[in-house]
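Hi,

Here is the structure I said I would pass on.

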Amino acid sequence: MDNGPLSDVRVIELGHVIAAPMCGALLSDFGADVVKIERPGMGDMLRVLSARTSDGVGAWWKTLARNKRLMALDWKSEDGRAVLRRLVENAHVLIENFRPGVLERAGLAPEVLHEWNPDLVIVRISGYGQTGPRASWPGFGRAGEAMSGLAHITGFADNAPMHPGFPAADSTTGLMAAYGTMMALHAVRNGSARGQVVDLAIFEPLLRLIDYHVPTRTGAGISVDRNGLQAPNSYAPAGVFRARDGKWITVSAGSAATGRRLLEAAVGKKWAEQPQFQSLDGFAKHMDEIVDRLGAFVAQHDAQKVIDIFSAHDAVAAMVYDVDDILADPQIAARGDIVGVEGDDTKVVGPVPKLDKTPGRLRWLGRSELGADTRAILQELAYDTGQIDTLIEQGTVAEPGR
């Protein structure tokens with residue numbers, strides 16, 4: 001494996017679809033040896049959950065199975081459990097996102113896994129967490145987006161709540177799971193704890209990241225509600241406006257000073273310097289007029305001209321990009337944010353964040369062959385050729401073509 005900052009970390013990924021694979025992918029970007037476990041003959045549903053690329057492989061699979069080694073293993077069988085035990089004994093992290101109770105019914109409760117490896121970090125992702133009255137309920141990303149409050153604050157005030165255009169709950173849970181993994185590994189390595197369970201309900205990362213709606217309600221007595229193209233309970237000017245050429249522009253300010261720069265760019269210095277715009281409270285009282293004037297200004301010009309005018313006033317504005325804009329943007333290109341591998345036309349978003357001395361790297365994209373690394377992984381676990389062939393013949397494990 002590479003000498004990335006996590007190259008000494010071995011991960012077993014028992015999860016499926018998005019949240020757990022996202023966690024594994026984030027760790028693998030920085031060198032972790034992630035062994036992706038799939039059921040023989042079935043594979044992860046993520047393989048077929050999205051559009052197929054030109055070579056027939058699912059686009060989502062290519063990016064979320066990137067840099068991972070693939071093993072097909074029936075870990076619920078007796079012999080499969082023995083293989084899993086060897087994997088656990090040689091691993092640092094196990095990631096799973098089954099409904100609570102699945103591992104326990106298979107005889108793989110955390111207590112058992114920690115008997116096999118006391119330092120193992122077990123990352124458990126589920127709809128509602130491992131505890132509480134709803135722990136056994138099924139839950140997917142959209143339920144998490146609803147329960148976190150995200151859907152409630154997204155959309156227009158006089159219309160239905162909205163979900164974002166990507167799996168926000170699953171993706172942020174994968175990100176938070178990787179963060180929790182690193183904290184738990186650090187605790188092992190500095191001696192403050194041995195192996196422990198990282199328990200994540202899929203609604204919790206969004207609940208934490210939205211952050212302000214709970215203190216706004218409990219501290220200020222104000223309910224945060226959806227407010228269309230403006231931020232809920234907005235005190236600083238912001239909005240999304242259509243330019244003359246049909247492109248959309250988003251503008252925003254985070255203080256009275258930056259708000260005045262927006263107003264100066266759009267309406268003129270005289271209006272921007274009026275007394276009501278010396279504080280955010282003043283902005284809030286005149287927000288409807290501000291939004292109307294910003295919208296009228298943007299509509300008079302082509303999008304790039306709007307961007308240039310705001311930029312000249314040191315005000316924040318940006319074009320709303322579609323994916324083709326993303327792929328053509330020179331800043332994104334200069335940052336190396338879109339990457340690929342030789343021999344494959346599919347491009348993916350590269351590792352984030354950027355480390356200047358031990359950067360992440362895309363080594364390969366998710367491969368189509370179920371169990372592509374099964375034999376090599378079993379050999380590393382000290383299984384001989386005869387034992388491996390027996391496991392394959394009885395269906396405990398699988399490799400390509402078998």
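Let's start with V323, which is exposed at a relative accessible area of 53%. (Exposed means over 50% relative accessible area, buried under 20%, and partly exposed in between, with a 1.4 Å probe and protein chains only.) V323 sits in helix α15; helices here are DSSP runs of H or I with at least four residues, strands are runs of E with at least two, and both are numbered from the N terminus.

Before going on: this is a predicted model, so local features need pLDDT of at least 70 and side-chain atom pairs count only at pLDDT 80 or more, while totals for chains, interfaces and linings use all residues. Residues are numbered from 1 along each chain as its sequence is written, and side-chain values use heavy atoms, with hydrogens and water left out.

Now the backbone. Most residues other than glycine have a negative phi, and most peptide bonds are trans. N67 lies in the loop between α2 (59-64) and β3 (69-73) and is buried, with a relative accessible area of 0%. D314 is in the loop between α14 (303-312) and β9 (316-319), but counts as exposed at 55% relative accessibility.

There's also a cis peptide bond, joining V352 and P353, with omega about 5°. You'll find P353 in the loop between β11 (348-349) and α17 (374-380).

Cheers
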